[in-house]
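Student: I should like to learn how to read the features of a protein model. May we go through one together?

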Amino acid sequence: MNRTDILTGRIVQRVIDAKAKSSSRVIINHGVDNSHDIDKLMDNLFEFFPDSLIALKKLKFGYELRIEVD
């Protein structure tokens, strides 16, 4: 298992925890550094949440990932 897979698990767990507390739309923001494979991370997240909205914002030292799940 690599760093990107571990990060995918962390983000998925955050979404699941938030969905357990709320029946409406869940929005999670998460920082991602440059050591992760962004393409693979996006593919993994869309596999878990196919109807989600995922956005990446480029920052100086990485990215801010925003995922919205109904």
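Student: Which residue caps the N-terminal end of α1?

Tutor: Please keep in mind that this model is predicted. The cap of α1 is N2, which has a side-chain oxygen 3.0 Å from the backbone nitrogen of T4.

Student: What span should the 19 residues of helix α1 have?

Tutor: A helix is read at 1.5 Å a residue, so helix α1, residues 3-21, should span 27 Å. Its end C-alpha atoms are 28 Å apart, which agrees with that expectation.

Student: Which residues of α1 are buried?

Tutor: A residue counts as buried when its relative accessible area is under 20%. In α1 the buried residues are T4, L7, T8, I11, V12 and V15. They cover an arc of only 135° around the axis, and therefore lie on the same side of α1.

Student: Which residues are exposed on the other side of α1?

Tutor: A residue counts as exposed when that area is over 50%. On the other side of α1, this holds for R10, A20 and K21.

Student: What covers the buried residues of α1?

Tutor: The cover includes the strands β1 (26-33) and β3 (62-69), together with helix α2 (38-48).

Student: How many aromatic pairs does a search of the whole structure find?

Tutor: The search finds one. F48 and F49 form this pair, with 6.4 Å from centre to centre. Their planes are 45° apart, and the pair is described as tilted.

Student: Is F49 buried or exposed?

Tutor: F49 has a relative accessible area of 13%, so it is buried.

Student: Which residue lies over the face of Y63?

Tutor: That residue is K58, at 4.8 Å from the ring centre.

Methods: Residues numbered from 1 in each chain as written. Predicted model: local features only at pLDDT ≥ 70, side-chain atom pairs only at ≥ 80, totals over all residues. Heavy atoms only, no water. Helix = DSSP H or I, 4+ residues; strand = E, 2+ residues; numbered from the N terminus. Expected span 1.5 Å × (residues − 1). Buried < 20%, exposed > 50% of the residue type's maximum accessible area, 1.4 Å probe, protein only. Arc of directions from axis to C-beta. Contact = heavy atoms within 4.5 Å. Polar contact = N/O pair within 3.5 Å; in protein donor to acceptor, adjacent residues only side chain to side chain. Phe/Tyr/Trp six-rings, centres within 6.5 Å; stacked < 30°, edge-to-face > 60°. Lys NZ or Arg CZ within 6 Å of the ring centre and 35° of its normal.
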